[in-house]
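Subject: Structure handover and notes

Dear colleague,

I am passing on the structure we discussed, together with some notes on what turned up in it. Please look through the sequence and coordinates before reading on.

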Amino acid sequence: MEGVDHLAFERNKAQFDVDAMKIVWAGSSHALEVSDRMSRLVASDPAFRKDNRAMLGRKELFKNTLRKAAYALKRIIELRLSEEEASMLRSFVDEPAFTDLHWGMFVPAIKGQGTEEQLKKWLPLAQKMQIIGCYAQTELGHGSNVQGLETTVTFDPKTDEFVIHSPTLTSSKWWPGGLGKISTHAVVYGRLITDGQDHGVHGFIVQLRSLDDHLPLPGITVGDIGMKFGNGAYNTMDNGVLRFDHVRIPRDQMLMRVSRVTREGKYVQSNVPRQLVYGTMVYVRQTIVSDASTALSRAVCIATRYSAVRRQFGATGGNPESQVIDYKTQQARLFPLLASAYAFRFVGEWLKWLYTDVMTRLQANDFSTLPEAHACTAGLKSLTTSATSDGIEECRKLCGGHGYLCSSGLPELFAVYVPTCTYEGDNIVLLLQVARHLMKTISQLGSGKKPVGTVAYMGRVEQLMESRSDVQKAEDWLNPSAVLGAFEARAARKSVACAKNLSKFSNPEEGFLELSNDLVEAARAHCQLIVVSKFIDKLQQDIPGKGVKQLLEVLCSIYALFHLHKHLGDFLSTGCITSKQGSLANDQLRSLYSQVRPNAIGLVDAFNYTDHYLSSILGRYDGNVYPKLYEEAWKDPLNDSVIPDGFQEYIRPMLKQQLRNARL
Ligand SMILES: CCCCCCCCCCCCCCCCCCCC(=O)SCCNC(=O)CCNC(=O)[C@H](O)C(C)(C)COP(=O)(O)OP(=O)(O)OC[C@H]1O[C@@H](n2cnc3c(N)ncnc32)[C@H](O)[C@@H]1OP(=O)(O)O
Ligand SMILES: Cc1cc2nc3c(=O)[nH]c(=O)nc-3n(C[C@H](O)[C@H](O)[C@H](O)COP(=O)(O)OP(=O)(O)OC[C@H]3O[C@@H](n4cnc5c(N)ncnc54)[C@H](O)[C@@H]3O)c2cc1C
């Protein structure tokens, strides 16, 4: 029935102030107001329609993305939107596009690695979109190993220029989004060579295409790398290939904040650490963590609403069948994902703070927190994107058969989201970076250097090696200190075990390779501890609204105890808890799921997503699923005609032949 809220009875069950929770989710009343306004603006404009994406061929799909990107910019200018509003509007357009790389990587790379002079020259051009840029780091043969890049950038003192060259096939730039067809410029990473000396990888601003006719400049070969996973999905993006044949750029197009080349060809390093060349990746990894909570909450919103609509079995005495959300197994799969979405939101908020703090310190030449920022962004990017990808797929399964339809919104969300596990650093490679940080922290404990930030607990390692959980009854697991104690002890013990095993190797690098699986597990335990502890920290804040804080406490306990249950082997084998305490945690989880159940719809309504943004019939706000699914089926191009193309040509003759054979 049109106009009827089929989920109203669920909404009436909520025991908390949903509007207040919306503010907590958005981060502030201001952020909620802006995101609400921008999402409605996009949803109400037919130019941003996206329900036909799965049906479009690559060229049509791509052209459509270009139209939307240009139209979005037009609206941003017409409405005089602020940077914050414009960025929100672009995110609600919800279509991966070259603009993501322009705003998300090209501009930040210039901001982070350019000198004042370079900022003055390039930023206005980029900000007004008079040029369009991408981030060209990865090569056909080298992605994770940035130090292994082959592209050469050789200084020619005669002309005061750099000569960029792709010496081998494997040195072709491969993957950069926006590069394939649209970008006019790129920040290109290559090995800087002066006077025959290789100074390692540096970034350079390079013009790729003419601003007059958009044709590639001399010496440049550029194109799209081809279709990617899933129809529609990430194929709105022109990931590209790029080769240089001795292309010349002026010397002042080297990004020179970290180091520079003088007119005479001398290589001069500034006082900032070399690793700042990797700074853009730190920035983007931080944004990816916040995006994880957005993508996971979308999937969870769809699966939760549909689980309340869907009924199977249990019809007794003329009553309808049971809502599948009432099955304990459904709750045990769904509610930890709901809790994870909130957990990732808060850890994302904290990570943004950490990043801003590091940036402020960098301005004052304080580089002390850079290793912590690198380890946290790398580790949390890895943890949250892996969990979100798996979570989206779990939500698809939670929606049964209908989840497999494109109109559920879940297949496309999965296909667009899943490369986050690879891009901006493969998730295993990044966990190994965290492990290095942990091993270094442990190795420095004896020197009296006090660990700070997220590794501060390592300073209590002796106590943590001995500690025993004092949980005696299920409710004791609601105590944040019981949870924190168990997670800290597990993380510390896993790291210490790795460090002890590493010390048995005469060659530490060999040991690191041999023990890398254990190191990855130790890094994961450390990252889970960060998520749990930042959720607990969030709950120390004043959180207004009836029942809001109480529900967040429930979700925090679910996140922690679900992981304790899932990784029980870790907690038991390291002796942090007993098997009895493990089973008490499980008892407590069941009770927590029951507390979420009446509030489940309210908790996903608090994400404040429009139907346009969700683009899911199963996740419709009004729960009017069946009539809309039925209606949608008839829109499929196959249903344009009763008899499909190809039937007369192939199937009718086949049928006839088979009938003839049967009669013989
Ligand atoms: C229905 C529609 C649904 C829509 C859903 C919406 C959701 C999705 C949104 C979609 C939007 C689209 C957005 C598109 C975005 C795409 C972006 C992708 C872009 C890219 O992928 S760019 C390329 C990224 N590449 C990488 O990340 C490479 C990974 N490799 C590395 O980072 C390094 O090589 C690595 C692994 C760190 C090793 O480097 P290396 O130099 O060899 O380092 P060492 O291990 O030797 O370490 C040396 C020293 O440096 C420290 N270090 C390393 N990295 C950093 C750093 N970044 N910052 C600071 N310090 C760093 C390291 O710790 C060592 O320190 P020591 O003290 O130990 O010496
Ligand atoms: C959709 C998408 C968009 C992208 N956009 C851009 C972009 O805009 N700009 C850009 O420059 N790049 C981009 N990339 C490239 C991306 O950053 C790389 O693909 C990513 O960094 C992973 O590197 P790789 O492909 O070399 O993987 P590989 O390193 O080859 O990984 C292959 C396997 O080897 C394993 N492995 C690798 N090294 C180790 C190790 N040391 N120890 C243990 N296991 C290891 C990995 O875990 C993985 O299982 C994009 C990629 C994708 C998929």
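Predicted model: local features only at pLDDT ≥ 70, side-chain atom pairs only at ≥ 80, totals over all residues.

Annotated positions

An unreviewed UniProt entry places the feature "binding site" at Thr 138 and Gly 177. These positions span 40 residues in sequence, yet no two of their C-alpha atoms are more than 10.7 Å apart, so they gather at one spot. Thr 138 is found in the loop between β1 (133-136) and β2 (152-156), while Gly 177 belongs to the loop between β4 (173-174) and β5 (185-194).

The surroundings of the two positions can be described in turn. Gly 177, with 25 C-beta neighbours inside 10 Å, counts as buried. If residues up to four places away in sequence are left out, Thr 138 touches Gly 143, Lys 173, Trp 174, Trp 175 and Pro 176; with its own neighbours within four places set aside, Gly 177 is in contact with Phe 98, Asp 100, Leu 101, Cys 134, Met 237 and Asn 239.

Ligand 1

Around ligand 1 there are 32 residues, of which Val 146, Gln 275, Tyr 278, His 374 and Gly 425 come nearest. Two or more residues of that shell are given by each of α6 (98-113), α8, α10 (370-398), α11 (410-417) and α12. The shell around ligand 1 divides into 14 nonpolar, 11 polar and 7 charged residues.

Gln 275, one of the residues that come nearest to ligand 1, is placed in the loop between β11 (267-269) and α8. Gln 275 is partly exposed, with 14 other C-beta atoms within 10 Å, and although Gln 275 and Leu 370 are 95 residues apart in sequence, their C-alpha atoms are 8.8 Å apart in space.

Helix α8

Helix α8 covers residues 279-309, and its 31 residues should span 45 Å at 1.5 Å a residue, which agrees with the 46 Å between its end C-alpha atoms. This helix is mostly covered, in that 27 of its 31 residues are buried.

Strand β3 (residues 161-165) runs antiparallel to β2, to which 5 bridges join it, and Asp 156 stands opposite Glu 161 in β3. The hairpin of β2 and β3 has 4 residues between the strands, and within this hairpin Asp 160 takes a positive phi near 60 degrees. β3 also pairs with strand β9 (residues 247-250), again in the antiparallel sense, over 4 bridges, and in this pairing Glu 161 stands opposite Pro 250.

With best regards

Methods. Residues numbered from 1 in each chain as written. Chains lettered and ligands numbered in written order. UniProt positions renumbered as here; feature names shortened; annotations may be inferred. Contact = placed C-beta atoms within 7 Å. Buried ≥ 20, exposed ≤ 12 C-beta atoms within 10 Å, placed from the backbone. Expected span 1.5 Å × (residues − 1). Pairing = 2+ DSSP bridges. Near = placed C-beta within 6 Å. Nonpolar A, V, L, I, M, F, W, Y, C, P; charged D, E, K, R; others polar.
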